[in-house]
Every structure is written in structure tokens, then in C-alpha cells.
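Biologist: Hello! I am new to this structure and would like a close look at a single part of it. Could you take me through it step by step?

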Amino acid sequence: MAKPGKDLARQGALRLLQGVREGQSLSDQSGVLKRLLPADQARAGRLAAETLRHMDRADEVLQVYVNRKPAPQVLDVLRLATVELLELGGAAHGVVDAAVELTRAQGKKGAAAAGMVNAVLRKVSQHQGWADITPQELPDWLRDSISDAYGEETTLAIEAAHQAGAPLDLTLKAAGDVPGAEPLPTGSLRITGPVQVSALPGFAQGDWWVQDAAAAIPVRMLDPQSGEKIADLCAAPGGKTLQLAAAGAQVTAVDISAARLRRVAENLERCQLSAELVAADVLEWQPDGRLDAILLDAPCSATGTIRRHPDLPYLRDGSGISALVDLQARMIDHAIALLPPGGRLVYAVCSLLPDEGEAQIAAAQARYPGLTVETPDLPGIDPDWITPEGGIRLRPDYWAERGGMDGFFIARLRKPA
Ligand SMILES: C[S@@+](CC[C@H](N)C(=O)[O-])C[C@H]1O[C@@H](n2cnc3c(N)ncnc32)[C@H](O)[C@@H]1O
């Protein structure tokens, strides 16, 4: 295993940025960092994520000092170093020297560009006005839809929340606390600042799991009772499965990806909880017996998770959304068919797009007369978050002073008795 060191982390970050340029998500690239020590892996991931969060702002500064557009790998070095210097408070000497070395390491093109990188970054380190550059905009395909749905002012607030990144939220298996964590009004815990998750107290004992505060709300809305038979449809990696199992429900967790289900199994084992795991297409899955309730956390654009996944705007172009909307509607139909009369269904998507949320519920009610939406009465839910349909709309700009939350739409539906 490699020795710890800033440059191993920076090299890792550059490889991640290159991967994103080539169309791979940060989370799909964990193999790229596997030779690094955990602390360097974490730092590489943080550097790459911060660079993506501030990429347009870094480019705005760099275009003042760079005459000719550099090769993509050299531009990555310049962007990373600019974000380190101006956003992360890196010491000029160390950041510039490291960037020059990283440039030189890139073969002939790198060697030729090292002088330019040195000169440009020395100027960047003196740059004034970074704080005045507005947060980077969402790509047009997404910005237009978000602006239509929420207005320009909210869109700017969402962009600011994306730039701010996300703290670490935990869901507890049972009542308790984690030293250094702040309790949130909805029941989750929050830790601000960089942490190594596996080193936190209670990790090995499985006292909690990592789950954004917004992502913990769908199960709270389902209100699982001990002994109830509940299907968790689209379950992996299993944050909601763990919540259902911790409530004492008999859970069947269904996901199309056997690989992702292995993560559910690992999480269940660490937390000493159990659930039946089924690798299947939800649309073809049939339960063995009567279900009491269903949680459907449908595949979606994931546009509510950009705080945590700043690579998403660079990887998508909006072209798959109508297919997702169609799949979500078919999953809702199937879930309703599986429920007994009077059974409840919580539908959730980590999306900011009303077509995947509010509009799905309106359409389901039009298809199933008598299907009701039950408005939640849960601690910490601001009445402003409740939509005219009776669901909950969560946005990254909510709880801004606390560090935000992921964007979600959640609705609890009741099949007529
Ligand atoms: C939003 S994620 C679920 C997150 C999960 N509920 C949790 O809380 O950790 C969506 C999941 O849907 C799964 N999926 C996508 N299409 C599916 C299908 N047709 N049948 C079953 N699972 C599917 C994906 O593999 C992915 O794991």
C-alpha cells in the first residue's frame, strides 16, 4: 500500500476528474483509488468533488491569466490548484509547487506546460474577488426545468446549496447519540466537517448508518410497525431497508442489481438487522404472501443529490428523463396492484423535477379514483414543505443555515379499502 501524502491524494483527484471527463461517475471510480490509504482516498475524493463544485468559478479566474486553452489534463491541474488556493485556503507555495510537479509528471505535454502552470498559479494565488463570483450554474437542461418549477430566486439558492456541499448525516438504529453530532429536527444526526466514517464511535457496532436527513423521511412517513410485512422496492444500497428492519418490520428488499444488493447485505450485517433480499425487476416481482405496506424509492434523475454528487451535472444531459418518468409510473401501478385494499404506499424520488414527483402523484390519482394522499404529521416537517397534493417537497436550499438537505419528493398513498 502507498504511503500517505498530499500528492497521492492530488494524483487520485486528477484521475477522478479525468474519469468524469470521460463519462464515469465519481462513485463508479472507487477502484481508481484502491491502492491509496483510506485517508488519501478520502482526501482525493474531497478534492475532486470540490473542484467539480467550483469548476466554472475556477475557469472564470483562470481565463484572466491563461492565454491559450491548455490540454485537458493540464487544465485539470490548474482547476484543482485554483480551487485549493482560493476556496480551500491552501498555502500558495505548497499548492503551486505540487501543481507544477503534477504537470511535469504528464509526459512531454506536461513538461512543456510546467512553466505556464507555475506562472499562472502564482497569479491565481494573488487573485482578488473569488468570493464575489456567483455559484456555478446548473446545466441548461436542468436549470430551465428547475427555474420553471421554483422560480429564479430559488434556483440561485439551490445552486448556492450545491456549491456548499453536504455534511454527514446519520440515522440511528435506536434512540441515542453520537459524540460531536448535532440532532436534527426530523430525527437524524448531523456531523459537519471532514470525518472518516469508519472511525466514528458506533460504526463497528452498527449503531447508525450514513443517510441524508431527507432520505430518512420516506420511512418515517410510512410509519412501519413491528411485525408488519413490508416490501422495500428499489432497495439498494439499503438505507431505507435498515430503517424498516430497525422498526421491527419483516422486510423484503427488492433491487434489480445483485451487486448493489451485496451492499444492502453488508449494511444489514454491520447493523445486526435482517431482511429478505431479492434480486429482481420490481415490475416482475410478486410477494409470497400478503403485504401490509410498500416503500417505492423509484429510480430517478437523482437531481436532488447534486450536493453530494457534483459530477452529476457533467455526466447527464436530461435525455433519459422521460423514460424514467414512464418507468416510475409503471412501478407505481405495480406497487398499487400488490397492495391489499387499505394498504399504504410511500413513493419517493431524490429528484427536484416535478414530473418525477408531484406530477406522478396527480397522474396516479387520475388513474386510480379513490387513491388518497395522506399528509404527514411528523416532527421537524415545515408546513411549507407540504405540497397541494399532500406530499412533501424537500429542496437543497432548505435548512440553509444548518447545511441543507437533499432534494426529494415523497408521498404516502392509501389504496381504497
Ligand atoms: C434511488 S436508488 C434506491 C435507494 C435505496 N432505496 C436506499 O434508500 O438506499 C434506486 C435503485 O433502484 C434500482 N432499480 C432500478 N430499476 C429497477 C427495477 N426495474 N427493479 C428493481 N430495482 C431497480 C437500482 O438498482 C437502485 O439501486
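This is a predicted model: local features need pLDDT of at least 70, side-chain atom pairs count only at pLDDT 80 or more; totals for chains, interfaces and linings use all residues.

Biologist: Is tryptophan 399 buried or exposed, and why?

Modeller: Tryptophan 399 is buried, because 20 other C-beta atoms lie within 10 Å, and 20 or more is what a residue needs to count as buried. Tryptophan 399 sits in the loop between β11 (392–394) and β12 (408–414). Its backbone deserves a look too: phi is near 55°, a positive value in a residue other than glycine.

Cysteine 350 is in contact with Asp406, Gly407 and Phe408, among others. Its other contacts, leaving aside neighbours within four places in sequence, include Ala215, Cys300, Ala302, Gly304 and Thr305. Cysteine 350 itself belongs to the loop between β9 (344–349) and α14 (358–367). With 27 other C-beta atoms within 10 Å, cysteine 350 is therefore buried as well. An unreviewed UniProt entry places the feature "active site" at Cys350, and such an annotation may be inferred rather than shown by experiment.

Cysteine 234 counts as buried because it has 22 C-beta neighbours inside 10 Å. The loop between β5 (229–233) and α10 (239–246) also holds proline 237. The peptide bond leading from alanine 236 to proline 237 is cis, with omega near 5°.

This brings us to the ligand. Cys234 and Ala236 are among the closest of the 18 residues that surround the ligand, together with Ile256, Val282 and Asp297. Both α10 and β6 (250–255) supply at least two residues each to the shell around the ligand. By type, that shell divides into 10 nonpolar, three polar and five charged residues.

To finish, here is a residue with another kind of setting. Proline 183 is in strand β2 (residues 182–183). Proline 183 counts as partly exposed, because it has 13 C-beta neighbours inside 10 Å.

Note on methods: Residues are numbered from 1 along each chain as its sequence is written. Helices (H or I, at least four residues) and strands (E, at least two) are DSSP runs, numbered from the N terminus. A residue is buried if 20 or more other C-beta atoms lie within 10 Å of its own, exposed if 12 or fewer, and partly exposed in between; C-beta atoms are placed from the backbone. Two residues are in contact if their C-beta atoms, placed from the backbone, lie within 7 Å. A residue is near a molecule or strand if its C-beta atom, placed from the backbone, lies within 6 Å of it. Ala, Val, Leu, Ile, Met, Phe, Trp, Tyr, Cys and Pro count as nonpolar, Asp, Glu, Lys and Arg as charged, and the others, Gly among them, as polar.
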